[in-house]
Amino acid sequence: MDTIFALSSGPAPAAIAVLRVSGPQAGAALKALAGRLPEPRHAGLRALRDGDGALLDRALVLWLPGPETATGEDLAEFHLHGGRAVVASVEVALGAIPGLRSAEAGEFTRRAFLNGRIDLAEAEGLADLLAAETEFQRRAALDMAGGALSRNVAGWLDRLLVLSAQVEAALDFEDEGDIGRLTEEFHDESDDLAADIRDKLDVPEVETLREGFRVVLAGPPNTGKSTLFNALIEREAAITTPIAGTTRDVLVRPVAIEGIPFSFVDTAGLHEFVVNEVERIGISRAREEIERADLVLWLGLEGEGPTGCWEIEPQIDSPGHLAKHYPEHRVSALTGEGIADLKRALVKHASRAMPKPGEAALNFRQRGLLADAAEALRGIAGQDDLLLVAEQLRLARVAFDRLTGRAATEDMLDALFGRFCIGK
């Protein structure tokens with residue numbers, strides 16, 4: 001296997017630049033540049049020189065022999081002065097050593113997975129952690145990367161293996177009458193296991209965390225949607241005029257409020273008398289956004305919004321504004337009245353869709369595989385055919401193996417680790 005190297009800190013220039021080297025030649029590479037290895041897992045100050053003996057930098061170096069390392073391989077680190085020329089010169093010197101090459105995107109983490117240092121669910125959590133921009137995203141990703149879901153799966157798999165052992169024992173003694181039958185306790189345990197997995201499916205979705213809680217502003221033309229949209233995101237993103245129908249397309253802006261990620265969506269005004277094709281497309285897209293929204297703020301006539309929407313009474317600064325009998329919120333985007341209360345209510349509402357402390361959110365892939373496992377176990381209920389029961393248990397094990405990566409495909413691994421930066 002090749003030995004790989006890459007800059008693992010932020011881009012130069014910086015105070016410190018960390019170059020990582022992982023693979024069988026990591027120790028030889030460190031010795032080639034630093035002259036000798038420091039004591040394992042202790043930093044040492046060394047003068048780094050290239051193959052011609054020219055001084056490259058004076059740096060702290062670390063020698064981390066495998067397999068107890070981040071990648072499961074021998075690992076070396078160079079903590080350099082963070083100038084671009086310094087980093088480039090050391091990379092050139094490393095590249096000149098036989099058996100060394102620059103790492104590809106996500107290759108360090110992929111090696112950690114292949115060497116059993118992390119499983120696939122933890123790798124997905126790490127990818128989300130690197131992309132986290134809000135507190136909720138950071139916390140949920142950290143729980144996943146720390147093995148919150150993996151520990152659940154390990155416990156479920158242990159219980160599944162006990163059930164499989166009982167089926168195997170029953171098959172061995174199938175010709176001996178009652179001995180070859182499954183007990184009532186077996187079926188109770190399989191039902192309990194399926195219920196535990198289904199309960200996990202109720203946790204929030206990673207996609208909501210990544211994209212933000214999607215709040216769509218909807219209603220007829222000229223009801224103040226774009227003005228309220230600008231007030232919520234605190235910038236002039238949408239064009240606002242007294243002319244009805246100014247907004248013709250969907251406008252999306254991500255915003256974090258009190259650490260909660262939101263995606264606010266401004267839409268074209270909804271009405272029946274469409275005058276041109278552009279307007280028709282805008283209204284069609286608005287209706288699509290309403291369908292996919294986590295919450296709709298309805299600024300139109302009371303009772304005409306979609307099911308579950310919040311009735312908003314807008315433009316309360318205007319004497320002729322559209323009054324509502326039972327609005328969730330009364331606001332003026334121009335004066336700011338009611339905006340702070342609306343934001344607090346949105347944070348409180350959206351937080352229910354976010355994971356609780358210690359609770360890992362599930363992505364689409366993980367949710368689908370857990371649903372497959374629960375469905376396989378549900379197929380055991382009332383089943384007396386031992387071979388069919390054994391097959392259902394096998395399907396559940398396959399779902400768990402795919403979730404943790406024991407049965408991952410190369411295409412799926414390429415897609416996941418391609419999300420990482422070069423030095424991770």
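The structure is a predicted model, in which local features need pLDDT of at least 70 and side-chain atom pairs count only at pLDDT 80 or more, whereas totals for chains, interfaces and linings use all residues. Residues are numbered from 1 along each chain as its sequence is written, and side-chain values use heavy atoms, with hydrogens and water left out.

**Overall architecture**

- The secondary structure of the chain consists of 14 helices and twelve strands; these are DSSP runs numbered from the N terminus, with helices (H or I) of at least four residues and strands (E) of at least two.
- Along the principal axes, the C-alpha atoms occupy a box of roughly 80 × 80 × 40 Å.
- Of the 424 residues, 46% count as buried; buried means under 20% relative accessible area, exposed over 50%, and partly exposed in between (1.4 Å probe, protein chains only).

**Salt bridges**

- Side chains of opposite charge can pair when their charged atoms come close.
- The chain holds 19 salt bridges, each defined as a side-chain nitrogen of Lys or Arg within 4 Å of a carboxyl oxygen of Asp or Glu.
- Arg344 is partly exposed at 48% relative accessibility, and Asp341 is partly exposed at 43%.
- Salt bridges with shared partners connect Asp2, Glu73, Arg101, Glu107 and Arg111 into one network. Within the pair of Glu107 and Arg101, the closest N and O atoms are 2.5 Å apart. Glu107 is buried at 11% relative accessibility, while Arg101 is partly exposed with a relative accessible area of 26%.
- Glu313 pairs with Arg330 in a salt bridge whose closest N and O atoms are 3.3 Å apart. This pair links distant parts of the chain, since Glu313 belongs to strand 11 (residues 310–313) and Arg330 to strand 12 (residues 329–330), 17 residues apart. Glu313 is buried with a relative accessible area of 2%, whereas Arg330 is partly exposed at 42%.

**Negative surface patch**

- Glu184, Glu185, Asp188, Asp191 and Asp192 form a patch of negative charge on the surface. Such a patch is made of residues with over 30% relative accessible area and no salt bridge, like charges being joined within 9 Å.
- Asp and Glu count as negative, and the place of a charge is taken as CG of Asp or CD of Glu.
- Glu185 lies in helix 7 (residues 184–200) and is exposed, with a relative accessible area of 57%.

**Loop residues and their contacts in space**

- Asp74 sits in the loop between strand 4 (55–64) and strand 5 (75–82) and is partly exposed at 24% relative accessibility. Asp74 and Leu64 are ten residues apart in sequence, and their C-alpha atoms are 6.0 Å apart.
- Gly405 occupies the loop between helix 13 (386–404) and helix 14 (410–417) and is buried at 13% relative accessibility. The C-alpha atoms of Gly405 and Asp119 are separated by 6.1 Å, although the two residues are 286 residues apart along the chain.

How values were computed. Patch = residues over 30% accessible without salt bridge, like charges linked within 9 Å, V, L, I, M, F, W, Y side chains within 5 Å. Areas by Shrake-Rupley, 256 points an atom, 1.4 Å probe, with all protein chains shown as cover.
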